[in-house]
Amino acid sequence: MDQNNNTVSEFIMLGFTTDPVMQKVLFAVFLVVYTLTLMGNSSLIMLICNDSRLHTPMYFFIGNLSFLDLGLSSVYTPKILETCISEDKSISFAGCVAQFFFSAALDYTECYLLAAMAYDRYVAISKPLLYSQAMSLKLCVCFVAASYVGGFINSVIITKDTFALTFCNDNVIDDFFCDIPPLVKLACGKKKSFQSVLFFLLTSNVIIPIVFILATYLFIIATILRIRSTQGRLKAFSTCSSHLISVTLYYGSILYIYARPRSSYSLDRDKIVSTFYTVVFPMLNPLIYSLRNKDVKEALNKLLK
C-alpha cells in the first residue's frame, strides 16, 4: 500500500511494556484516570453553564479549557486502553494521521488559550472595577476562536510535513501514541526542511505564548506590589495561582519533550513525561481550578442540594 511515497500501511504501538501483568495494571490505572477526567471536566463544564455566578470571563475560559482536556484525553486514552489489553497493537496509517492531527490541534489550541487566560488574569488584577467591561463576551469569544484557528492551522502544517516523510524501514512506534520523536526516528530520507518547520511551530505555539505569559505575569507582579495591604496582595495573587500552576505543569512537560537537543532524547523517559501532559494533566485541571475556588465549591454544593 503506497501512501505519500511510504511503504507502511500501519504502525505497531509498543506502548509501555510487553509484560502481560503490567499491561493489566496499566489498563486499570488508565481506566481510572480517564473516568476521573471525564467526570471532573464534564462536571466543571456543567457547573459553569448552570450557575449564573460562574458566568464570568474567567470561568468562560476555564470551561473551554475543560472542553479541550476532554478532547485531548479522548484522543489518547481509548487507544492506550486498547493497546494494554489487546494482542493487536496496530494502528492504521490513516488512524495514526488522525490521532496525530487532532492531538496537535488540541495541544496547540490549549497553548494559545492559556496565554489568553494570562491576559484575563492581568485585566482582573490591574483593572478590577472595569473587568467585566474590558473582558467582554465578544472579546472572550474572539480569544477562544483565535486559539482554535491558530491551533488547527498549525496542526495541518505539522501533520502534512510529518507524514510527507518516508517510512520505509520499520513500522514499530516505541511509544503509546503517534508523536513527532518516534515518527521521525522511523523516517528514512528525512527532509532538512522538516527541522525548520518544527522549529517554527515550536516557536509560534510554545515559545511565543510562554514569553507572552511571562511578560503578563511581570505586569501582574508589578501591580500586586503596588497594593499596600498584605491581605490585598495575597487575595490578588490567589486569583492567578491556579492558572500559574496549570501553565507551569503544561508548558514544562511540553518543553521537556520537544525543546531538548535530539542527542538527549530517551523514548523510555519521554513516555513518562508524555503521559503526564496527555493523560494526567487533563485529569488534574478540574482539581487545580476548583479545589481552592470558593465560587466553584458553592456552585457544587448548590447543585448537590
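The crossing of helices H2 and H3 is left-handed, and I begin there. Please bear in mind throughout that this is a predicted model. Helix H2 covers residues 57–85, and helix H3 covers residues 93–126. The two pack at an angle of about 160°, with their axes 10 Å apart. Angles over 145 degrees count as roughly antiparallel, and H2 and H3 are therefore roughly antiparallel to each other.

Helix H2 also packs with helix H1, which comprises residues 20–50. Here too the angle is about 160°, while the axes lie 9 Å apart. That angle makes H1 roughly antiparallel to H2. The handedness of the H1 and H2 crossing is left-handed.

Which way does H1 lie relative to helix H10? The axes of H1 and H10, the latter formed by residues 294–304, come within 10 Å and cross at roughly 90°. H1 is thus roughly perpendicular to H10. From H1, the residues making this contact are Leu44, Met46 and Leu47. On the H10 side, the contact involves Val296, Ala299, Leu300 and Leu303.

Let me turn to the aromatic residues. Two aromatic rings are described by the distance of their centres and the angle of their planes. Over the whole structure, the search finds 15 aromatic pairs. One of them joins Tyr119 and Tyr122, whose ring centres are 6.4 Å apart. The planes of Tyr119 and Tyr122 are 40° apart, and the pair is tilted. Why is the separation between Tyr119 and Tyr122 about one helical turn? The reason is that they stand three residues apart in helix H3. As for accessibility, Tyr119 is partly exposed, at 30% relative accessibility. Tyr122 is partly exposed as well, with a relative accessible area of 24%.

Tyr119 has a further aromatic partner in Phe143. This pair is edge-to-face, with 5.8 Å from centre to centre and 70° between the planes. Tyr119 belongs to helix H3, whereas Phe143 belongs to helix H5, residues 137–162. The pair therefore links distant parts of the chain, 24 residues apart. Phe143 has 25% relative accessibility and counts as partly exposed.

These residues belong to a wider group. Tyr119, Tyr122 and Phe143 form one aromatic cluster together with Phe60, Phe61 and Phe219.

The next topic is charge pairing. How many salt bridges does a search of the whole structure find? It finds three.

Asp51 is buried, with a relative accessible area of 6%, whereas Arg53 is partly exposed at 39% relative accessibility.

Another salt bridge joins Glu82 and Lys79, with their closest N and O atoms 3.6 Å apart. Both residues lie in helix H2, and because they are three residues apart there, about one helical turn separates them. Is Lys79 buried or exposed? With 14% relative accessibility, Lys79 counts as buried. The limit for buried is under 20%. Glu82, by contrast, counts as partly exposed, at 36% relative accessibility.

There is also a salt bridge between Asp120 and Arg121, where the closest N and O atoms are 2.9 Å apart. Asp120 and Arg121 are both buried.

Thr278 is buried, its relative accessibility being 0%. What does Thr278 touch, if residues up to four places away in sequence are not counted? Its contacts are Leu72, Ser73, Tyr76, Phe176 and Phe177.

To draw the parts together, H2 is roughly antiparallel to H3, and H1 is roughly antiparallel to H2. H10 lies roughly perpendicular to H1. Tyr119 of H3 pairs with Phe143 of H5, and Tyr119 and Phe143 are among the members of one aromatic cluster.

Note on methods:
Residues numbered from 1 in each chain as written. Predicted model: local features only at pLDDT ≥ 70, side-chain atom pairs only at ≥ 80, totals over all residues. Heavy atoms only, no water. Phe/Tyr/Trp six-rings, centres within 6.5 Å; stacked < 30°, edge-to-face > 60°. Helix = DSSP H or I, 4+ residues; strand = E, 2+ residues; numbered from the N terminus. Buried < 20%, exposed > 50% of the residue type's maximum accessible area, 1.4 Å probe, protein only. Salt bridge = Lys/Arg side-chain N within 4 Å of Asp/Glu carboxyl O. Contact = heavy atoms within 4.5 Å. Axes fitted to C-alpha atoms, helices over the stretch in contact; angles between N-to-C directions. Parallel < 35°, antiparallel > 145°, perpendicular 65-115°, else oblique. Left-handed = near helix turned anticlockwise from the far one by under 90°.
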